[in-house]
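Thank you all for coming; I would like to walk you through one structure this morning, slowly, and I will begin with how its parts are named.

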Amino acid sequence: MARHGSVSGAAEGLHVTTSAVSQQLAKLERETGQQLLAKNGRGIRLTDAGRLLSDHAARILSQVELAQADLEAQRGHAVGELLLGAFPTAVRGLFPEALSRLRTEHPQLNVRLQEMEPDESVPSVVRGDIDLAVVLDWYNKPLPMPGGLVKAALLDDPVDVAMPADHPLADRHAVEPEDFVDDEWVSWPKGGFCYDWLMVTLRGKGIEPRIRHTAHEHHTQLSLIAAGLGIAVVPRLGRGPVPEGVRMVPVSQPTMRRHIYAIWRADADRRPSVRAAVEVLRSVGEKIID
């Protein structure tokens, strides 16, 4: 309730029904002998007692995490379970090799990976649902980061403009976004972090983009471009083979790139498993850059 602001939000965050949350809250009120919830217009808010209990719970959970980190650190090597989350192109471009190396170099470490976008993985790290997430932001659009998290850079991911092979600029060595004022675009779906970045970037250069088609996956975008249906900005990480009929032309601005990070809770900073995962991911990322 403290984190999400409503019973329905808490239920969604816990992956349970709203009635289950309400029953647990009622049970907690009986156990504490205090009113923890109060009506707030059409909704519900935490009382002072509820907020006090929530603050203590956060500190208790942090101490549990610290205890786990200290025990793991005392062993001196990565053991136990490590839960990871990452956005799709990082899963495809970084994790096949990274997971294979972690399994070989740390055989007592049980790693599990979930594909998730940053708007899901960042709250999951904060809640403790996963131990580490690989996230991204853009050179001109930082990703909002809650307090209590540690961030480590893994790599910078350059972008190219993907265009049909018969496009007038397909033979260029480099291009600028301003070169495509009259083109139709293939983009990420509206409302996503990368879609918002594209709008901000192009409009900042005086371009009102005509978004004709949208697709989550880069290989789907490239298939649309191969059919002559537009152009797109496509990062290199996890791109995969470029279809016939598509030309990738670098953007001449060296700053136009994605920043790829690993994030984890500060109270897990001493865990060898977290450090091992970051080290391997950074090593794989450096190979991609080279």
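When I speak of helices and strands, I mean DSSP runs numbered from the N terminus, where a helix is H or I over at least four residues and a strand is E over at least two. This is a predicted model, in which local features need pLDDT of at least 70 and side-chain atom pairs count only at pLDDT 80 or more, while totals for chains, interfaces and linings use all residues. Residues are numbered from 1 along each chain as its sequence is written, and side-chain values use heavy atoms, with hydrogens and water left out.

With that naming in hand, let me start at one residue, Asp160, which lies in strand E6. Is Asp160 buried or exposed? Asp160 is buried, with a relative accessible area of 4%, where buried means under 20%, exposed over 50% and partly exposed in between, using a 1.4 Å probe and protein chains only. Its side chain is joined to that of Arg239 by a polar contact of 2.8 Å; such a contact is a pair of N or O atoms within 3.5 Å, and within protein one must be able to donate a hydrogen and the other to accept it, with residues adjacent in sequence counting only if both atoms are side-chain atoms. Leaving aside residues up to four places away in sequence, Asp160 touches, among others, Val233, Met248 and Pro250, contact meaning heavy atoms within 4.5 Å.

Let me turn to the nonpolar core, a set of buried Ala, Val, Leu, Ile, Met, Phe, Trp, Tyr and Cys residues joined through side-chain atoms within 4.5 Å. The largest one has 51 residues, and those with the most contacts inside it are Leu94, Leu132, Val134, Leu154 and Ile260. Among the elements that give two or more residues to this core are strand E5 (132–138), strand E6 (149–164) and helix H9 (272–289), and the largest share, 7 residues, comes from H9. Apart from this core lies another, of 11 residues, including Val122 and Ile130. As for Leu132, its contacts beyond four places in sequence include Leu83, Val125, Trp264 and Leu281.

Finally, the whole chain: it has 9 helices and 11 strands, and of its 290 residues 42% count as buried. Its C-alpha trace spans about 75 × 50 × 25 Å along the principal axes. Among contacts between residues at least 6 apart in sequence, 74% join residues at least 24 apart.
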